[in-house]
Amino acid sequence: MNVLVINAGSSSLKFQLLDTKTRAIFAKGNCERIGLADGIFGYKVGDAGKVEEACDFPDHKAAIARVLKALDDHCDVAIDGIGHRIVQGGWYFKDSALVDDTVMDKIYEFAPLAPLHNYGEAAAIEYCREHYPDLPNVAVFDTSFHMTLPKVAYTYALPKDVCEKYRIRKYGAHGTSHRYEWMRAKEILGPKCRRLLSCHLGNGASLAAIMDGVCHDTTMGLTPLDGLMMGTRCGSIDPATVCYLQREGGYTYDEVDEMMNKKSGLLAVSGKTQDARDIRAGADKGDPDCLLAFDMYAYKAMQQAAAMIASMAGVDTITFTAGIGENDYSIRQAFCECFEWLGVRVDRERNRAAVGNGPQVISAEDSAVTVMVIPTDEEYMIALDVERLAK
């Protein structure tokens, strides 16, 4: 089945047209700076070189319209279905869903939980439904994989009436990526893989505790701000910090929200950049701020990983994925060394070599836990859901 996968962010829209059987990618690209000046549209069709052009995108509908025009003009592959990544599936969806009017209403209903993403994603779906009414559209929710969390894990210790009225609970994120990590690890390791710690470490980062394919806990909470320290997000902090900054610092809600989402994390601690590659280079040169940022990132990941492992009462497999997880061997090494007391042993040579070569085992022969690098493929997972539900 040829599936067009749409991944709409707050100011971007990525796409990929692929075959679910052969995994061949016919076309892919990205619309950048949606809603801002100086938009950029870059795409690649087949074996042709990448095309990049200036293109203003006032909104996400304009972006998806440009994508579909480029495919009509330059790609002769027929589209059989369209899959849409939706950040927030709220309290309704435990699985991906074939889009109809009821599903659209629900996407808008819980959009306040992810206002920077859900509205843009919904706009892209609406455009596709209007212009290709005969094609199935499938919504794939980042949160649905985490709907299996036990009540003790997803409930917040706030007044019950408040939680019920505003649907406050742990929702998690990166569910499609964590689901892919489980699928590939299980395919490779078979019955040896039962308790998996999935580490999605990128500009956005989260961990998931997956036992026999079922998610038992995850680090992101009501929103993707919770959990690990990230590129520009602060991660878990004392919640009273928000009140204190507003009361004593005079910051508005919007200013605190922007600070914690866009001005914190690696960017704030290093004082220079959110790019882990630059931070590692600075740390190697002895820059104290980069050293602290590097150590904090690994420490906080280790700290919360211990909680994930405890939720499964053990671990037999650890996987690393996403930009930092797949490409930064030093972060993987530092993380795993924190768990030597659990019998985790990483082969340093395997670890250094595990970049750009597909799924690889990086643990040493005598390691009690299998450690792997598995490059994530959210587009493929979304396409598989489209194929499954469209049939």
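Guide: Let's start with a word we need: a cavity is a set of grid points where a 1.4 Å probe fits but cannot get out. Keep in mind, too, that this is a predicted model.

With that rule, the count comes to 2 cavities of 30 Å³ or more.

Now turn to the largest cavity, which holds about 60 Å³ of space. Around it you will find L266, A276, I279, R280, A293, F294, Y297, I324, D328 and I331. Two helices, α10 (276-284) and α11 (288-312), each supply at least two residues of this lining. Here the classes come out as 8 nonpolar, no polar and 2 charged residues.

The structure holds 23 salt bridges, and one of them joins R85 to D142, with the closest N and O atoms 2.8 Å apart. This pair links distant parts of the chain, 57 residues apart: R85 sits in strand β6 (residues 81-86), while D142 lies in the loop between β8 (137-141) and α4 (151-154).

The other place is where two helices meet. The axes of α6 (residues 175-189) and α15 (residues 378-390) come within 9 Å and cross at roughly 90 degrees, which means that α6 is roughly perpendicular to α15. On the α6 side, the contact is made by T176, S177, R179, Y180 and M183; α15 brings E378, Y380, M381, I382, L384 and D385. Taken by class, this contact has 6 nonpolar, 2 polar and 3 charged residues.

Key. Residues numbered from 1 in each chain as written. Predicted model: local features only at pLDDT ≥ 70, side-chain atom pairs only at ≥ 80, totals over all residues. Heavy atoms only, no water. Axes fitted to C-alpha atoms, helices over the stretch in contact; angles between N-to-C directions. Helix = DSSP H or I, 4+ residues; strand = E, 2+ residues; numbered from the N terminus. Parallel < 35°, antiparallel > 145°, perpendicular 65-115°, else oblique. Contact = heavy atoms within 4.5 Å. Nonpolar A, V, L, I, M, F, W, Y, C, P; charged D, E, K, R; others polar. 1 Å grid on protein atoms, 1.4 Å probe; cavity = no way out; pocket = protein on both sides within 12 Å on 5 of 7 lines; lining within 4 Å. Points joined across faces, edges and corners; volume = space filled by probe spheres on them. Salt bridge = Lys/Arg side-chain N within 4 Å of Asp/Glu carboxyl O.
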